[in-house]
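Hi,

Here is the model I promised to pass on.

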Amino acid sequence: MTTARGRTAPRTRIVVDGNSVHAVDGISLAAVLVGERRWSLRRNPVGDDPRGPFCGMGVCFECEVTVDGRPGVRACITKIYDGMRVETAVEEEAPHDR
Ligand code: FES
């Protein structure tokens with residue numbers, strides 16, 4: 001990716017549910033996951049429905065994932081860093097759903 005000033009944005013690698021993902025360094029984890037078409041990140045504890053980012057500003061807690069073994073991390077207010085390991089509670093959608 002090239003910035004508005006013509007520079008190449010630094011990229012980093014994270015691991016999501018065991019799969020390597022390369023993204024622009026320093027953006028939010030939710031942005032990376034949605035960019036990878038991962039709309040559902042957790043399950044509703046009552047009805048087991050899939051849930052995903054809603055507010056994008058740390059209020060609704062719908063984007064909770066596990067980061068480096070720590071559960072309940074809000075992806076929308078967490079910046080990615082190299083080597084970050086992310087686990088969601090929802091299996092990746094089938095390719096035809098993308
Ligand atoms: S999307 Fe609402 S807390 Fe992250």
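Below are my notes, going from the whole chain to the sheet and then to a few residues.

Some ground rules: this is a predicted model, in which local features need pLDDT of at least 70 and side-chain atom pairs count only at pLDDT 80 or more, while totals for chains, interfaces and linings use all residues. Residues are numbered from 1 along each chain as its sequence is written, and side-chain values use heavy atoms, with hydrogens and water left out.

Overall picture first. The protein has 1 helix and 7 strands (DSSP runs numbered from the N terminus: helices are H or I with at least four residues, strands are E with at least two). From the N terminus on, the order is β-β-α-β-β-β-β-β. Of the 98 residues, 33% are buried (buried is under 20% relative accessible area, exposed is over 50%, partly exposed is in between, with a 1.4 Å probe and protein chains only). The accessible surface is about 6300 Å², and 49% of that belongs to carbon and sulfur atoms (Shrake-Rupley method, 1.4 Å probe; for residues, only the protein chains shown count as cover). If you take contacts between residues at least 6 apart in sequence, 40% of them join residues at least 24 apart (contact means heavy atoms within 4.5 Å).

Now the sheet. Five strands make an open sheet in the order S2-S1-S7-S5-S6, with mixed pairing (two strands pair if DSSP finds at least two bridges between them). Its edges are S2 (19–24) and S6 (70–74), each of which pairs on one side only. On average, neighbouring strands are turned by 40° against each other, direction ignored (axes are lines fitted to C-alpha atoms, for helices over the stretch in contact, with angles from 0 to 180 degrees between N-to-C directions).

At one end, S1 (residues 11–16) pairs antiparallel with S2 over 6 bridges. The two form a hairpin with 2 residues between them, and Asp-17 in the turn has a positive phi of about 50°.

Val-67 sits in S5 and is buried, at 4% relative accessible area. Beyond four places in sequence, Val-67 touches Leu-29, Val-73, Tyr-81, Met-84, Arg-85 and Val-86. Its C-alpha lies 9.8 Å from that of Val-15, which is 52 residues away along the chain.

The other is Glu-62, in the loop between S4 (50–51) and S5. Glu-62 counts as buried because its relative accessibility is 12%. Its side chain makes a polar contact of 2.6 Å with that of Arg-42 (a pair of N or O atoms within 3.5 Å; within protein, one must be able to donate a hydrogen and the other to accept it, and residues adjacent in sequence count only if both atoms are side-chain atoms). Setting aside neighbours within four places, the contacts of Glu-62 are Arg-42, Arg-51, Gly-52, Pro-53 and Phe-54.

Last, the cysteines. A search of the whole structure gives 0 disulfides (cysteine sulfur atoms within 2.5 Å). Cys-55 is partly exposed at 26%, whereas Cys-76 is buried at 12%.

Cheers
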